[in-house]
Amino acid sequence: MTTETDSDTAPPVRSQVPADVARRIEAILLIVDEPQSLVALAAAVGAPVPAVRQAVEGLVADYDGETGGPRRGFELREVGGGWRLYVRDEHDDLIAEYVGGQAPSRLSQAALETLAVIAYKQPVTRSQVASIRAVNVDSVVRTLLARGLITELFTDPETGAINYGTTDALLVNLGINSLDELPHISPLLDDGSDGFDAEVLR
């Protein structure tokens, strides 16, 4: 016998028709701020993981224009161990211009440089970053911590220095799955043959 309490807490029975599953996934993807794993999506839309995987693959093909429709200005991309909607690369300039006129706060050049050092050298201490950049980085590191782009990995047992590293939020913002996808930095560096007056690469 089903009590009123049981009926109130029972999960709703949702359609398992592939098109319905895909529409529910779209609804979830439109509101999430972070990539969602197939398991998380399956739990959210009330469908088995294989059905969700099939629906996600179908959405990717649909957005890419492989099913007869137009190629969308956005794409469904696997990033950071999950799936999320992203603007396509060819629209980056448009979005940067629009967001630049809307957003009141961006990372400073100093913050970007510090973040790059941490991304490539992690785990790295604050003093090591300061040595590389030849400036005090205390306030910049606090900013990056507050933004959730870096985190404290561990404390050196001998020196007590905190070692920092990047977070999954950085991967999400860069649109990559792992730090292995960062560009190799050596080709971007000057070999020093022209001395210190060479223009700094930007």
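1. A residue is called buried under 20% relative accessible area, exposed over 50%, and partly exposed in between (1.4 Å probe, protein chains only). T114 is buried, with a relative accessible area of 0%. This residue lies in helix 6 (residues 109-121); helices (H or I, at least four residues) and strands (E, at least two) are DSSP runs, numbered from the N terminus.

2. This is a predicted model, in which local features need pLDDT of at least 70 and side-chain atom pairs count only at pLDDT 80 or more, while totals for chains, interfaces and linings use all residues. Residues are numbered from 1 along each chain as its sequence is written, and side-chain values use heavy atoms, with hydrogens and water left out.

3. Beyond residues up to four places away in sequence, T114 touches V129, R133, V137, V140, V141 and L144 (contact: heavy atoms within 4.5 Å).

4. Strand 5 (residues 162-166) is largely enclosed by the rest of the structure, because 4 of its 5 residues are buried. Strand 4 (residues 150-155) pairs with strand 5 in the antiparallel sense over 5 bridges; pairing requires at least two DSSP bridges between two strands. The two form a hairpin with 6 residues between them, and G160 in the turn has a positive phi of about 80 degrees.
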